[in-house]
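Hi,

Here is the model I promised to pass on.

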Amino acid sequence: MSSVNFRRKKIISSNQKTLGEMARMKNAILRSLYGLILMMALPSVSAGDNSSASDFIKTSAMVSMADGTRLSTNVFLPSSSGSYSVILIRSPYSGSWLDSVANRFTKEDYAVVIQYVRGLYESEGQFYPFVYEKTDGLATLDWINRQPWSDGHVGVWGVSYLSFCGFEIASTSHPSLKAMINISGWADLGTHLTRGGAFRLMDHLPWLIMKTSGNDRIPSKAWNGIFKTTPLSQFLGGAEEQAHISGILEEPYPFNDIRIPILHVTGWNDYIYRSTLLAYESINKNATAGNHQKIIIGPWAHNQVFSADSTTYGDVEFGHTSSMGLDSILTLSVAWFDRYIKGKNNMVDSKPRVRFFVMGENHWHDTHEWPPANTVAKKWYLADTVKTGRLDVSPPASESIFSFEFNPHNPVPTIGGITGWFHPFNLGVKDQSPLASRPDILFFDSAPLSDDLVLAGPIKVEIYASTDSIDTDFTAKLVEVRPDGYARMIEDGIIRTRYRKGLNSSVFITPNEVYRYQVNLGQTAIRIPKGNALRLEISSSNFPKFDRNPNTGVDPISATEFRTAKQKVYMSPKYPSHIVLTVLSK
């Protein structure tokens, strides 16, 4: 992780040049990826102006930032004159959908400011992901306050990176900022870009590259070869066309500084849901803002606001009640802003804080806390039966040790799951049973369930393990096994052993010594019917979802050489490896 410079405070610059065929391949990737990602990540991109068919007056301005850089800014005003509360949207994306969002808000007597972030489209400067959004956002708020059409009250609306832009200014206590809509967004960058210290390669490498690329297409299948390229650092810095890569703030996001009401919206199959839920849970602990935080969690994938008619994710259909598109989101947004910006008594306060969808049951539930009050934490212990792994509600009475080898040259392949939009053919709920014959995965199955089991909350795995390396990875995957053999992945996670104490503490381990590792598998809400079984899979790779650990101590991003690691997992009264599930009681 250190070679990507994810924990630095400063911007990294380099004039290192690529050579030969790798440089040509990389340049082709960069030129091709931008258009592909935009087409997949957002609705159709258009530079057209829809104002002639809408109920707003649209004007454009170049707004100066603190350092003099001017950013392209569109202002949408209701057709009647006056001063208005303002909805601010700062975006690295373009598209006619933004005009549609503006049109909805102007119909409700809001002014709307849509600004393209630094270095993109007509905005001046260079785009460095994540770096300037706070300073530029604050300068834009000050500019809005000086405009005659502004009444000095501002709400922020965003989805994905647009929400990140909102979070960057939400913690500053700017007097104009009154409320926010966070749709599938993140605030804390370290936990967004990594899982357990491992880089989320499949989700984030394409995005990090694409913002300095051209505008052609590249087949999604070509990414498999790109992900295997070593060192990966050549794609994250050093090229002439991407001379700078942004750093990540060393300190965690200051959730305690949030003072505004925020409506959070995400989905269980959204690869950013953990970050959105983290923001809700963290702010909810704040005595000032906690009473005015609400969250809606559907079954959706990322950018669900643009998929109103989609009710499937991979192999699973969630039913017509699961749908929530842009129109529904905007209706909720208007009500939220009306309450917390304009002060209307519209009953928003009276609604439950949490609305969540239970997959498998395909019904919505309302509660005032998350996890729900009627949940209990239940442990299933790892055990063996004649060297066949099992999950048991009773702790192990004797000692067992399972072993396997982790060869980074032959990693466990990612089959579907909660991943980004960049790989449409390897996305969503997929059958994990093709992995059953791999010798580098340990399988632990429960007996068929005697009753329905509903999970609603965190999933955590605690394993006791050793390795002959000074640094390696351990992965865990929770699976629902159906009577016909279909193995439905629920969630997964990873821990990089050097980061076992947290992202700010990188400490190698002693080879062949037993350590306790906690693997975070996120959260879920799912019904597992009677007769199905639980399965926990333990391994050391999930590629390309996460980067490969070389098992040498070299940072995986800069590694060019790999070695096979010998892994052991322990199950005994002394080493009670187990999984903890949050079970919803009847």
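Below is what I found, starting with how to read the notes.

This is a predicted model, in which local features need pLDDT of at least 70 and side-chain atom pairs count only at pLDDT 80 or more, while totals for chains, interfaces and linings use all residues. Residues are numbered from 1 along each chain as its sequence is written, and side-chain values use heavy atoms, with hydrogens and water left out.

Let's begin with the strands (DSSP E runs of at least two residues, numbered from the N terminus, as are helices, which are H or I runs of at least four). Strands β2 (residues 56-64) and β3 pair in the antiparallel sense through nine bridges; pairing here takes at least two DSSP bridges between two strands. V63 has L71 in β3 as its bridge partner. Five residues lie between β2 and β3 in this hairpin, and G68 in the turn has a positive phi of about 90 degrees. β3 also runs antiparallel to β5 (residues 110-116), joined by four bridges, with T73 opposite Q115. Eight of the nine residues of β3 (residues 70-78) are buried, meaning under 20% relative accessible area with a 1.4 Å probe, protein chains only.

In helix α9, F337 is buried, as are W336 and Y340.

Best wishes

Technical notes: Buried < 20%, exposed > 50% of the residue type's maximum accessible area, 1.4 Å probe, protein only.
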